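Reader: I have a model open and would like to learn how to read it, from one residue up to a whole interface. Could you walk me through it?

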Amino acid sequence: MNGPTTIAMFQDAVLDPAKRAHYRLAWLSTVDHKRIAVLYMLTALVFFVIAGVEALFMRLQLAIPNNHFLAPDTFNQLFTMHGTTMIFLVVMPVTFGFVNYVLPLQIGARDMAFPRLNAFGFWCVPLGGILLHFSVLAGGAPAVGWFAYAPLSETPYAGWQGVDYWAIAIFVLGTGSISFAINVIATVLCLRAPGMTMRRLPLFTWINFVNAFIILAALPVLNAGLAMLLIDRQLEGHFFLPAHGGSAVLWQHIFWAFGHPEVYILALPAFGMVSEIIPVFSRKPIFGYEFVAASSVAIAVLSMGVWGHHMFTVGMGRPLDVFFAISSMLIAIPTGVKVLNWTATMLGGRIRFQVPMLFCIAFLIQFLIAGITGISHAIVPLDWQTKNSYFLVAHFHFVAVGAIVFAVLGGIQYWFPKMSGRMLSESLGKWTFWLMVIGFNLTFVIQHFLGLVGMPRRIYTYPDLPNWGWMNMLSTSGVFFMSASALVLVWNLAVSFFRGKIAGDNPWDAWTLEWATSSPPPHENFYALPPIRGRRPLWDIAHPDRPDTIVGPNTADVTLPDHNKTGILAFIFSEAGFFGILILSYLYFYAHPQPGPGPHGLDLKRTLLFSVCLFVSSFTFWRSEIALRHKRRGSMLGWLIFTIALGAVFLVGQVGEYWKLFQSGVEVSTNLFATAFFTLTGFHGLHVFIGLVALLIFLWLAWQGDFASGHGSAFEAAGYYWHFVDIVWVFVLFTVYILPLFQ
Amino acid sequence: MTTYQFFTTAWTWNSLVLILIVLAFVAYFVAFGQRGRPLYFGAAVAVFLLAFISPFSALADGYLFSAHMVQHILLVLIVPAFLLLSLPQSFSLRFPLNYLAHPLIGWVAGVGAMWLWHAPTLCNAAATSRMVSAIQTTSLLIMGSIFWWQVIAPRDEQRLSPLAGIVYLFTACTACSVLGIILTFAPVSICPVYQHPVDRLGMLSSIRGQWGLTSDRDQQIGGLLMWVPMCLIYVTAILAQLARWHSSPHPEQSNA
């Protein structure tokens, strides 16, 4: 076929949004935040059904003692897939969906800051989900738990490809989550409507803004760990294999350094929803906005430093236990502050007991129980007794279901009218609610007691001990109520979408900006924005006689930060975490030397020479930027080509070093030093390579005549990334090559 | 020496210290007179004394790495913070000191004060030589002051904006936590002096036996102190930034 014609047709059909809107593929190629949000939520719903059925099978297996409905290995696969799916493919996508839909509306923006990146982030979810589930066809699903503890997750103990698919899938999902977080940060900082200052952000937006930073800090840690696990499995590395000097406990540290913040990554969006719904249905502004906002920051910061309480049973030693116990108890303070604020908001309010509010009230009660059992795990001796029992299973399901899922269900009922233009049925919603309350509590309350009488978790069956039988049967019976609740919900969504009551712009008489536009909003979100002087613009319009007090100064005249630079800085923040983990792991193994090649065999002088090339390239890039600013096109191109050449020389130097090492028989699998060395320098080299590709693209664009106006924030943003890659090399150079000189 | 005897007798009062305190107060009142906030200055002096004449000081002096860490944290984060708070509103930095009031310099000073003095050679030297120890103390106070200037300088316009302040504090917290993590998990001694202390006070058997502080455990506690409680100081400062942000400025003034 004729090439140019094809391209023209392609552009005609796909790239022109006006024409594209008529195609059925419009939903697949969309970059509109509202459609992407709906895609996120529908994908989450599909995986919710899958993971729910997995849970149903597990509970059927555990309903009676000595059951042989499922084989032990199948059971292990089920609980691994159930946990992984619920966390990465249900709760994260559904909350991301809500944020995607509501957050730009709440700040009066037209879309997210990076619409294409937004689509990328979404499509990572189905890709990750398919990869994860493809493992079933490729020899069996992973059976190592969602935490994939080493060395169980290593080749000698999990030889089939399940764990590989698991790790790659989570890596893809983590990458998508990071891109989403970058987008949220850039959107909130750069795309706020005039008058919407940071202090006037609705709590849902503020909390998810804070949450984006937790995602940026935590997900790269997991990605670094997964990369190391994959190197162990695919290239015969030794990171987490104690038999070769590796450390299985290191995996736990890395996993929980991600895993505990992850709990808050899941929970904070739920807190955000509750913080919107409770005031609206209590007909009062939130009690202590500042405390809810600030306690979210406290949670975000503290959540990074409490992961050790997941590892009390590992035997970290008393000093670590004591410090982690104290820091874990502290995190209860900001969470407690929030519960107090929500309750105080309801106090004295004219509460409307409609479905969103019912879910929030149940959320409050169940989250309180979850918090109390959570605090009990900060008490080390109690933790030793209950950590590996059903008490813990009950605790985290109270967090994940009792708090998060309930808040999400409330959020669905609350925002569905905005998304579809039609109300969900209130009576069917109440059925969903009560079935869920009964089912959830039937299933999980009794599990606390099962744990306390000694039933361990992660077992496929159990002997017929006194009371265990009826308690498990009771727990299983609750699952049927929850399943019924889910069916009613899906039925409600389907029926209401076609035949629900027309919602109108603001069915709940709410106060934030998403209710100031039509339901569903037009493509560009708003035709005109109301004046924004405080945190409840719609209240001010409805009650001009007694408006809210004005919050903070108006900063409409202040220019918002550039979204390209903000985005790349957020990305650099996450990359710093990734390299931080790789460098710390390298140091850990450096301090435990193994027989075989070590850092002393490396050629320092040669590496220094090539390092100079890399460092000089930062300078040449800076010259290129200056030339761009002064509109000297030739000079800019020259310095840019020079930068690319220097970067390439550095890469050639790295390849030369690898070649020499390979020649002398040093490979990733040789010993721990080699594994850690190739991982750290290899990932850095990969980043240099990606940076070079980016610079080549910019070179091509500049060659074509872009940036002629003399300002290119995208060019400067690429520069930030290039400088960052150089700075990382300073640390790598010091850690790998210079540190051994001091011995 | 028993533990009780130790905590009652190991206070190293001496006339030089007392004279220095009196001189410090005199200098403070001469410099700032009525405008200063002497309570904060008193707090700074009190914490400084806690670090240097209490039994903690005796422990930090060659016995326990963890006690040294407490001293270190007090000198970098607590004393300079009180010193800056004690300054009058009218206080400004004059040339050339005003060049130190740059966020990057402040950040590097604050984080550098932690990292630099825990390089094994320097840490050892400070624990064995009085001279190096004095240099260390002075440098920690100065670097800590440069760090805190960005956050609690006397006047609002001298400080970072609250949200920038949070980024400043959070990144500093992370950088110090990383050091804390390295110290906690390091299999080798960061400050070998503390492995085999010279038993000047006859306390070693109590420390190792009764208190259960082996040298490994001691270093672990030292690392954890830098990792967890020190981060809590930063977290407190972050919350203070949020409080400052939400309380200022008054809407009526700026919205008219």
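Author: Gladly! Let us start with B:Gln219, which sits in helix 11 (residues 215-227) of chain B; helices here are DSSP runs of H or I with at least four residues, strands are runs of E with at least two, and both are numbered from the N terminus. This is a predicted model, in which local features need pLDDT of at least 70 and side-chain atom pairs count only at pLDDT 80 or more, while totals for chains, interfaces and linings use all residues. Residues are numbered from 1 along each chain as its sequence is written, chains are lettered from A and ligands numbered from 1 in the order in which they are written, and side-chain values use heavy atoms, leaving out hydrogens and water.

Reader: Is B:Gln219 buried or exposed?

Author: Buried means under 20% relative accessible area, exposed over 50%, and partly exposed in between (1.4 Å probe, protein chains only). B:Gln219 counts as buried because its relative accessibility is 7%.

Reader: Which residues does B:Gln219 touch?

Author: Contact means heavy atoms within 4.5 Å. Leaving aside residues up to four places away in sequence, B:Gln219 touches B:Phe65, B:Leu183, B:Ala186, B:Val188, B:Ser189, B:Ile190 and B:Cys191. A polar atom of the B:Gln219 side chain also lies 3.2 Å from the backbone oxygen of B:Val188.

Reader: Now the interface: how much area do chain A and chain B bury between them?

Author: The size of an interface is often given as the accessible area lost when the parts come together. Here buried area is that loss (1.4 Å probe), summed over both parts. Chain A and chain B bury about 2,700 Å² between them, with 81% of it on carbon and sulfur atoms. A:Arg199, A:Pro319 and A:Phe323 supply 23% of the area that chain A buries against chain B, more than any other three residues.

Reader: Which helix of chain A gives the most to the side that touches chain B?

Author: That is helix 9 of chain A, with eight residues.

Conventions. Buried area = accessible area lost by both parts, 1.4 Å probe. Polar contact = N/O pair within 3.5 Å; in protein donor to acceptor, adjacent residues only side chain to side chain.
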